[in-house]
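Subject: Structure handover

Hello,

Here is the structure I said I would pass on. Please open it next to this email and follow along.

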Amino acid sequence: MNELIPALLRGLWITVQATFGAFALACALGLILAILRRARIKWVSVPMVWLIEFIRTTPLVVQAVFMWMALPRLIGMPLSALTVGILSLGLHYSAYLSEVYRSGIEGVPRGQWEAAVALNFSPAQKWLRIILPQAIPPVLPVMGNYLIVMFKEVPVLMAITLGEMLLAANSYIASTFADGIVPYSLVALFFLAVSYPSSLLVRLMERRLNRQRGTQYGNRIRNRRSRIRGERTV
Amino acid sequence: MIEVYFEKIVPLMLRGVPMTVLLMLYGTLLAAVLSFVFGLARLSRFAAVRGTASVLVELIRGTSLIVQLFWIYYALPHLGVELPKLPAAVIAIGVNYGAYGSEIVRSAILAVPREQREAAIALNFNSYQRMRHIIVPQALPRMLPPFGNLQVELLKGTALAYFIGLGEVFYRTMTQLNYYLYLLVPIFTGLLVIYFALSQLVLLLYRWAERRLAAGRM
Amino acid sequence: MEIGFEIVEVGSVVNEPYEGGGKLSMHMHAVPLAETAAERGSVRPMVRFRNIRKSFGELEVLKGVDLDILPGEKVAVIGPSGSGKTTLGRLLMTLEEPTSGTIEVDGEYLWHMEKRGKLVRADEKHLHRMRSKIGMVFQHFNLFPHMTILRNVTEAPIRVLRMRRNEAERLALEMLDKVGLADKRDNYPSQLSGGEKQRVAIARALVMKPQVMIFDEVTSALDPELVGEVLAVIKEIAADGKMTMLLITHEMEFARDVADRVIFIADGRIVEQGPPSRIFTQPESERLQSFLGRFRAYRAGR
């Protein structure tokens, strides 16, 4: 017991690092995927649609093990489990986040696009100054949801020896010959202790956003959420 | 190399597909039942039923599927409940996705206009008949698309059974991998393609079911 | 005079503490029901609202309504929107529960029942039995979108009355024929016009053979050119004479043609009532005069 809890806390810290690292990657990559997906050139947009679909509908654990084994060979140098964990988790959820961005972008009224053209903004200016500032705030709660979903997915990365909580519990069990009840229950409790309050926070954020912007805007947000393909809840 | 891949490895991987599909089907069945049980319980008139269901659902959703799987397969035997691999995986997957599915059922039922319930009361349907014949049939088409997505998630979740050594497609592949490390990339690509194909099949079935349900009504 | 013994019993215990949580006893009449019915020296009313109050949160929409409707009587309820007239119908259909007061249908309490000498809130079983006497047609039709027209009409007889399917279909087609829509039997509601939908809704309610039928602003959601066909159907049913009808309506001419009595509700109270011939020609209260005046001005302007 005296060793278990510190070990789990270390595992929790690694879990948090992996979650935020992967979330940052997923946010950036997801945005790129979402914008490429809207490209007028069919040669770009169609493969993007299938790439996103492919990443989204195949298991994270397979993708992670694949990258864990193939990436070091490919680039000719060893990579840490945390690096590969962040890369694979981030890549996997970039597919989900691209759908979130898409729904946000599609929710921006057409007049805004036309205004950007009329004012002769460059493409970069159009996205950064006009479209994204309107597209992202309404989907922030959904993005928050995914942060929690990703947090709960991290233990899958024990398959690539990432020292998160479940692996820590396993090592503890192996070294002390303890039965699994207490360690695994504690892991579950730790997850619950982080993810449940966080999900309450996200729900609060969502309600506040809906209220702040008035009902009409709130409806628009709700409509947008219903359009997110393959959305997962927490 | 190509011969080895297609004549030896691919058949070996494909031999795991039936177990993956079986796990998915049993898991889906359990998840579907629990979705309705939890979903309806969370809409119950009785606060105690509502509360219990909500707490259970939050407990399940707040912890990870893989942690639940470990708990059921590695911890539960110490409490005297020893489950074989397949039932353990089915229970973990069914319970976990059932909790998520309950939210789908709940919100689809809440989305049926209140007036439909009132019309059913005016025609003197009892509460079971109202649910069974009026509300649920109207909520069902609304549930299908999110259920389709959830089932793809469930299919992906079956790969976690690898951790308890159940011989599904991922486990089968991993046990062969050491002999064919030089074929790493094609093997994993093939594995991902298998999952992708199964996912698309699932989504196709749901789209077909949606069209069937929508036929005539609109 | 058909005054049940049990009614006297129930009436005599109403001053007992009320177990249902409401403040029923305060607004209840202490006199036995039989006495008041006897005083009137007439038949027992089919529907009786007694000091009915209904609040939604802070807002009190009905502030003590007393109303008797005799068997076979056609009562039209008119009044400005927000006056509480729709709530009256919804209370009778058991869609809303009165905050206080009692409703009787056919000599029995609707929302209450006697249990060990005390008057308590009705349970689901009692409500189910009472609802078999009552039917309702809604403003927005509320047809079941997932069923064909025929199934919309047969579903309740089959499930609720346990009627055999072919028997239910025969009856349903008879009713659909009555409202002129037998040829739409295999269509879905979304393929019908508003007027047709409402006529199906009427057939659906009729097939349950209720003793009291509530028509809740059944033409308000219709395009003007479709109002006539629906009103014609209701007039025809009213002409049969047997059914007790509560017609909550905005159609003054319709109220005048069909109703035996018109009730004018404003601000949650019955302000004036009487035969249509008098209500529409010689309104006494100022409220009714201004309501009818505004209504005529609106009609003239249209």
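**A salt bridge in chain C**

In this predicted model, the side chains of D68(C) and R48(C) form a salt bridge, with N and O 2.8 Å apart. A salt bridge here is a side-chain nitrogen of Lys or Arg within 4 Å of a carboxyl oxygen of Asp or Glu. The pair ties together distant parts of the chain: D68(C) sits in strand β2 and R48(C) in strand β1 (residues 47–56), 20 residues apart. Side chains of opposite charge can pair when their charged atoms come close. Over all chains, the count by this rule is 37 salt bridges.

**How to read the numbers**

Residues are numbered from 1 along each chain as its sequence is written, while chains are lettered from A and ligands numbered from 1 in the order in which they are written. The model is predicted, so local features need pLDDT of at least 70, side-chain atom pairs count only at pLDDT 80 or more, and totals for chains, interfaces and linings use all residues; side-chain values use heavy atoms, with hydrogens and water left out.

**Confidence**

The model scores ipTM 0.93 and pTM 0.83. Chain C has an average pLDDT of 85 (the predictor's confidence in each residue, from 0 to 100). In chain C, 85% of the residues score at least 70. Be careful with residues 1–39 of chain C, where pLDDT stays under 50. For that stretch the model has 63 contacts beyond four places in sequence. Contact means heavy atoms within 4.5 Å.

**The sheet in chain C**

Helices (H or I, at least four residues) and strands (E, at least two) are DSSP runs, numbered from the N terminus. Chain C has an open sheet of 4 strands, in the order β2-β1-β4-β5, with antiparallel pairing. Two strands pair if DSSP finds at least two bridges between them. Which strands are at the edges? They are β2 (59–69) and β5 (108–109) of chain C, each pairing on one side only. Strand β4 (residues 100–105) of chain C is joined to β5(C) by 2 bridges, and the two run antiparallel. There, E104(C) stands opposite Y109(C) of β5(C).

**Chain B on its own**

Chain B has 9 helices and 0 strands. Along the sequence its pattern is α-α-α-α-α-α-α-α-α. Its C-alpha atoms fill a box of roughly 70 × 50 × 20 Å along the principal axes.

**Which chains touch**

Of the 2 pairs of chains that touch, chains A and B have the most contacts. No contact joins chain A and chain C. Their closest C-alpha atoms lie 22 Å apart.

**Chain B against chain A**

Here 38 residues of chain B are in contact with 42 residues of chain A. The size of an interface is often given as the accessible area lost when the parts come together. Chain B and chain A bury about 3500 Å² between them, 74% of it on carbon and sulfur atoms. Buried area is the accessible area (1.4 Å probe) that two parts lose on being put together, summed over both. K156(B), L192(B) and F196(B) supply 16% of the area that chain B buries against chain A, more than any other three residues.

How many salt bridges cross this interface? The rule finds 1. R203(A) forms a salt bridge with E58(B), the closest N and O atoms being 3.2 Å apart. α3 (47–62), α4 (65–75), α7, α8 (169–177) and α9 (184–214) of chain B each supply at least two residues of the side that touches chain A. α9(B) gives the most, with 12 residues. The residues on this side of chain B divide into 26 nonpolar, 8 polar and 4 charged. Ala, Val, Leu, Ile, Met, Phe, Trp, Tyr, Cys and Pro count as nonpolar, Asp, Glu, Lys and Arg as charged, and the others, Gly among them, as polar.

**Chain B against chain C**

Here 21 residues of chain B are in contact with 29 residues of chain C. The two chains bury about 2200 Å² between them, 58% of it on carbon and sulfur atoms. Across this interface the rule finds 1 salt bridge. E118(B) pairs with R90(C) in a salt bridge, the closest N and O atoms being 2.5 Å apart. α6 (114–122) and α7 (127–157) of chain B each supply at least two residues of the side that touches chain C. The largest share, 8 residues, comes from α6(B).

Best wishes
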